[in-house]
Amino acid sequence: MKLSMKKAIMIMVIMTLFVGGLAFVAPQTTDAQTYQQRVRGRDGRYHWVAVRKPSYYRRHRNRINMAIGTGGGAVIGGLIGGGKGALIGAGVGAGSSALYTYKLNKKKRHYRKVRHY
């Protein structure tokens, strides 16, 4: 399989953007990621508790999944069929990532019953 120079450069640019994008998904451990929340204790008094802010991925999960699916479809379609293939691939990638994000892999919320004896 012989790659043209243009395709090789595009692959390198896309891989660089992908690796650079991992910095936004990685967890951050700074004090700005916590805030104080008032919680009522078992003794009836209110206490201030430090609560961690959700990660960037957890807050923007749907958008990130849609963008990755659309971009991946566009890249594969562009490599296979050029400009028109990139457009078709972006549409297919957007549709499949929407199906995955909103139907197949919904957010899972865990509710725990708290008993006060």
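Residues are numbered from 1 along each chain as its sequence is written, and side-chain values use heavy atoms, with hydrogens and water left out. Because the model is predicted, local features need pLDDT of at least 70 and side-chain atom pairs count only at pLDDT 80 or more, whereas totals for chains, interfaces and linings use all residues.

The chain contains three helices and two strands, these being DSSP runs numbered from the N terminus (helices H or I, at least four residues; strands E, at least two). Along the sequence they follow the order α-β-β-α-α. Mean pLDDT, the predictor's confidence in each residue from 0 to 100, is 81 for the chain, and 77% of the residues reach 70 or more. Confidence is highest in helix H3 (residues 61-104), with a mean of 91, and lowest in strand E1 (residues 34-40), with a mean of 73. Where pLDDT is low, the predicted coordinates should not be read in detail.

Of the chain's 117 residues, 10% are buried, that is, under 20% relative accessible area, with exposed meaning over 50% and partly exposed in between (1.4 Å probe, protein chains only). The chain exposes about 10200 Å², of which carbon and sulfur atoms supply 64%; the areas come from the Shrake-Rupley method with a 1.4 Å probe, and for residues only the protein chains shown count as cover.

Helix H3 has 44 residues, yet its end C-alpha atoms are only 14 Å apart, short of the 64 Å that a straight helix would reach at 1.5 Å a residue; the expected span is 1.5 Å times one less than the number of residues. A kink of about 150 degrees is centred on Gly81 in H3, the bend being the angle between axes fitted to the seven residues ending at a residue and the seven starting there. The buried residues of H3 include Gly73, Gly77, Gly85, Gly89 and Gly93, and the buried residues of this helix pack against helix H2 (56-59).

Asn65 also belongs to H3 and counts as buried because its relative accessibility is 13%. Beyond residues up to four places away in sequence, Asn65 touches Tyr57, Ser97, Tyr100 and Thr101, a contact meaning heavy atoms within 4.5 Å. The side chains of Asn65 and Tyr57 are joined by a polar contact of 3.2 Å (a pair of N or O atoms within 3.5 Å; within protein, one must be able to donate a hydrogen and the other to accept it, and residues adjacent in sequence count only if both atoms are side-chain atoms).

In strand E2 (residues 46-52) lies Tyr46, which is partly exposed because its relative accessible area is 48%. Leaving aside neighbours within four places in sequence, Tyr46 is in contact with Arg38, Val39 and Arg40.
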